[in-house]
Amino acid sequence: MSRRVVRQSKFRHVFGQAGKAEQTYEDIRVSKVTWDSSFCAVNPKFLAIIVEAGGGGAFIVLPLAKTGRVDKNHPTVNGHTAPVLDIDWCPHNDSVIASASEDTTIMVWQIPDYTPVRNITEPIVTLEGHSKRVGILSWHPTARNVLLSAGGDNVIIIWNVGTGEMLLSLDDMHPDVIHSVCWNANGSLLSTTCKDKALRVIDPRKGQVVAERFAAHEGMRPMRAVFTRQGHIFTTGFTRMSQRELGLWDPNNFEEPMALQEMDTSNGVLLPFYDPDSSIVYLCGKGDSSIRYFEITDEPPFVHYLNTFSSKEPQRGMGFMPKRGLDVSKCEIARFYKLHERKCEPIIMTVPRKSDLFQDDLYPDTPGPEPALEADEWLAGQDADPVLISLRDGYVPPKSRELRVTKRNILDVRPPTGPRRSQSASDTSFSQQQQQTLETLLEEIKSLRERVQAQEERITALENMLCEFVDGTD
């Protein structure tokens, strides 16, 4: 008889546990917008959740330690005129968050370390360039102040938040709605999924699709894709029979999948959350009441099922804590913030260990809050891996650093504090921009007129010379 060999892995016994009642955030009216984003973003300082808002779009920001019942008058962040669809914390500044909305704008906000007494309504900068709703946001992993947005106009725009200007616009690569966009580890490539069923790898600075796979999953429902540590692409989607499916692909050889597994017949889109330090991917389906997790390795079959965390209530959305926000003393390797209809509860993933000492093998050095590049360096073609930090002594978030916007050609610096004026900061800066554009156009028209006049005078002189010549020959 052949003995079945059990695969060796330190993550085989990872188990999930819901937080205690006193660790949850109660009485939050989670947004009911039908959009497949996670509705929640978290970092070592703050928890942000998109909430219901009358006559506009808003999200609420809570300090992580402020658990329990949330006051119904707790200030919100609300500058959008239509529902907020996605939010994302800046990886290099724990006090800066971007929000995208159906009103076609992206707003970037500075969250104070103290709890504000009134709603935050003035963003640091408003980014305007999409013609339809904006549903996807993603900060660059290594370059300071570089933000990607994707909208219902099938366009991806990359912004320099520090100047408020558009760096790149990728507007002829997707013929239909973009479902997901993900940077690779050093931010040199993007992987995107689209309603046309194609999985693409894009070099944003060259404006080129460098690899493409049609129908990575054959079903019509949305696909999701994330880069792995090895440079492969992990995808979730649906089969032609509407079964949920996961896949692993090598962008250098898109013909055959490295792995393709059918899962179940549920119809919720699976949101993949990937941890490059452990190479574990967690799958959270909207409307599911479970989180499945898989380890991705270098040996076949490449994607190994680990376990499932199950609970009774379905999830409306999910936040995923960066590694530096975890409790290393308890061997915590992942933490989720699960949204219910009226509350948010943490779910903690732990590797059981007897020792209380720091576990080097569970916590390799992880990306810290320092960027490796400036936006201009990245745009000029430089690449750099994330700046890593050790978690041996835990991580203490630094004091809030203010994000300053240096006006280059679009938006003004942030407005002065004080009572809100009747005209918003973005309106003021836009009228100044209009004035500047008007003056430029008038100058150009004047210059063209002078050139035309000079040409007309030259033509008249040549005609006179021609007449004199003809008269002379007669």
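Author: A salt bridge is counted here when a side-chain nitrogen of Lys or Arg lies within 4 Å of a carboxyl oxygen of Asp or Glu, and the structure holds 20 salt bridges by that rule. This is a predicted model, in which local features need pLDDT of at least 70 and side-chain atom pairs count only at pLDDT 80 or more, while totals for chains, interfaces and linings use all residues. Residues are numbered from 1 along each chain as its sequence is written, and side-chain values use heavy atoms, with hydrogens and water left out.

Side chains of opposite charge can pair when their charged atoms come close.

Another salt bridge joins Lys 323 and Asp 277 at 3.8 Å from N to O. This pair links distant parts of the chain, 46 residues apart, with Lys 323 in the loop between β28 and β29 and Asp 277 in the loop between β24 and β25; strands are DSSP runs (E, at least two residues), numbered from the N terminus. Both Lys 323 and Asp 277 are buried.

Glu 402 and Arg 404 also meet in a salt bridge, at 3.7 Å from N to O. Here Glu 402 is partly exposed at 43% relative accessible area, whereas Arg 404, at 61%, counts as exposed. Finally, a network of salt bridges links Arg 244, Asp 264, Asp 288 and Arg 292.

Conventions: Helices (H or I, at least four residues) and strands (E, at least two) are DSSP runs, numbered from the N terminus. Buried means under 20% relative accessible area, exposed over 50%, partly exposed in between (1.4 Å probe, protein chains only).
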